[in-house]
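Here is a short walk through one model. Keep the sequence and the 3D view side by side as you read.

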Amino acid sequence: MTAASENVATGERKIMAVVKADLEKCQGYANCVVGADDVFDLGDDGVVVLLRTEIDEAERAQVTDAARSCPVSALTVEDA
Amino acid sequence: MKQTTVVVGASIGGVRTAQGLRSAGYDGEIVLIGDEAVPPYDKPPLSKAVLAGTAPATELLTESAAAQAGITLLLGRAARQLDLAAGRIVLADGEPVSYDSLVIATGARARPSPWAGAPGVHVLRTLADADRLRADLRGGGPLIVVGAGFIGAEVAATARAMGVTEVTLVDPVPVPMSRALSPEVAQRMATLHRDHGVRTRFGTGVVGIDEHADELVVRLADGSALPARVVVVGIGAVPNDDWLAGSGLVIDDGVICDPHCQAVRAAGVYAVGDVARWHHPRLDRTVRVEHWTNAVEQARCVAHNIARPAERRAHDSVEYVWSDQYDWKIQLAGRTGDGLAGVLLPGPGDSFAVLYPDGDQRLTGAVTVNWPRALVAARRAITARDPLDQVGAAIGALR
């Protein structure tokens, strides 16, 4: 029995990963926003804003792809 | 029996394909082959911070990250030949590598010039190129940059930042970055370079570079001659598809692929990045795009198509590219050249956006300078084909 199927049974949303942003590295290229606009946005200063930091397993691949599309490697997705 | 995917080429397209296969749930073997002996590194900084010497190369995939993801790295090994019928490639040292799926990500190289090989004459494509050019530029100018495209314009800007005093940008077309920028934006770009002390010789080409005992002389079509200590030739790139000649793949300025980025009439063979010429669904023609973001998005598409063949996707991207020159962060999305007429929107401070409508007055492209939020809005609007006046109002409201 995996954690994910237990979640379905209990209706709980298990946090599988955490998104981190290096605001010093960010240059406002915005590929992350195009890849996952429910997690990433840009502020008025053109620097990334994390709309939330916790993501679950179902969205992990998409958010990881979005993080890997950062030209300056400012984003990481790590196990929670 | 486990499947094997072999990725040939360890720049951004190849590395992201290998990583993307794992993210997409692929559980077969992954072999990533690169012709350079150094760990995979990122190319955009080579004309900027890496050239200036203010930042080290950005590693794309460390040995430990590769091991953790179950990616076998073969570095310093070029691919020489593809045997489609046998399902294998042969490396330069003669070793065969068999595949179930093959991803061609061999990129592009600097377009050859008649002047290659002369001391002091450079191209800029690899980390080794950047190291050589940096060493030469530290001895000072004069620097002549032949070709005012992305690479040439960035090298000129970086050289000025390094303190090189005599920098001249030469191009036969009347303005810099003329393929990507419309004339009015390109004209601003030319002014930016002149304001930073770069001399420009636009509208005249180079007919020869002469080697003298202690200097180079660059001869122009208008009869003038410019002395130089260092010359950088940035006149475009050509795809590294030569090794596939005779393989049976269809090659025509890149590996010809269908909308799924699979090589035509070659099941299981894909191409990504600068070497791929795929049938773009939205444009309804084949295109080859030499931009970083395209390679990343195409890698994601191909990784998905290999890992989940029952749910194949087409690569239907909106082009996006950036350039950093002096204090300008230039970002381009969609169609921005092509003789389109743009609408200028001033932004906060000295920033601005130029929006390009298609014949139906819907947004087809945008250029922004120092205004990332406007670019994000424009990228979304290009994908949605929003009406120009609606996009203009939305971006105006960001000021």
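Which residues have the most contacts inside the largest nonpolar core? They are Val6(B), Ile89(B), Leu102(B), Ile104(B), Leu249(B) and Val255(B). The model is predicted. This core has 70 residues. Its largest share, 6 residues, comes from helix H7 (residues 292-307) of chain B. In soluble globular proteins, nonpolar side chains tend to be buried together.

Now zoom in on Ile89(B). Leaving aside residues up to four places away in sequence, Ile89(B) touches a set that includes Val6(B), Val8(B), Ile33(B), Leu102(B) and Trp243(B). Gln81(B) and Glu95(B) are also among its contacts. A separate core has 23 residues, among them Leu137(B), Ala148(B), Val155(B) and Ala159(B).

Next, the strands. Strand S26 (residues 363-369) of chain B is mostly covered, with 7 of its 7 residues buried. S26(B) pairs antiparallel with strand S23 (residues 328-334) of chain B over 5 bridges. There, Gln331(B) stands opposite Thr368(B). S26(B) also runs antiparallel to strand S25 (residues 352-357) of chain B, joined by 6 bridges. Here Pro357(B) has Leu363(B) as its bridge partner. S25(B) and S26(B) form a hairpin with 5 residues between the strands. In that hairpin, Gln361(B) takes a positive phi near 60°.

Last comes helix H8 (residues 372-384) of chain B. Its 13 residues, at 1.5 Å a residue, should span 18 Å. The end C-alpha atoms are 19 Å apart, which agrees. The buried residues of H8(B) include Leu375(B), Val376(B), Arg379(B) and Ile382(B). Arg385(B) follows the helix, with a positive phi near 50°.

Terms used
Residues numbered from 1 in each chain as written. Chains lettered and ligands numbered in written order. Predicted model: local features only at pLDDT ≥ 70, side-chain atom pairs only at ≥ 80, totals over all residues. Heavy atoms only, no water. Core = buried A, V, L, I, M, F, W, Y, C linked by side-chain atoms within 4.5 Å. Buried < 20%, exposed > 50% of the residue type's maximum accessible area, 1.4 Å probe, protein only. Helix = DSSP H or I, 4+ residues; strand = E, 2+ residues; numbered from the N terminus. Contact = heavy atoms within 4.5 Å. Expected span 1.5 Å × (residues − 1). Pairing = 2+ DSSP bridges.
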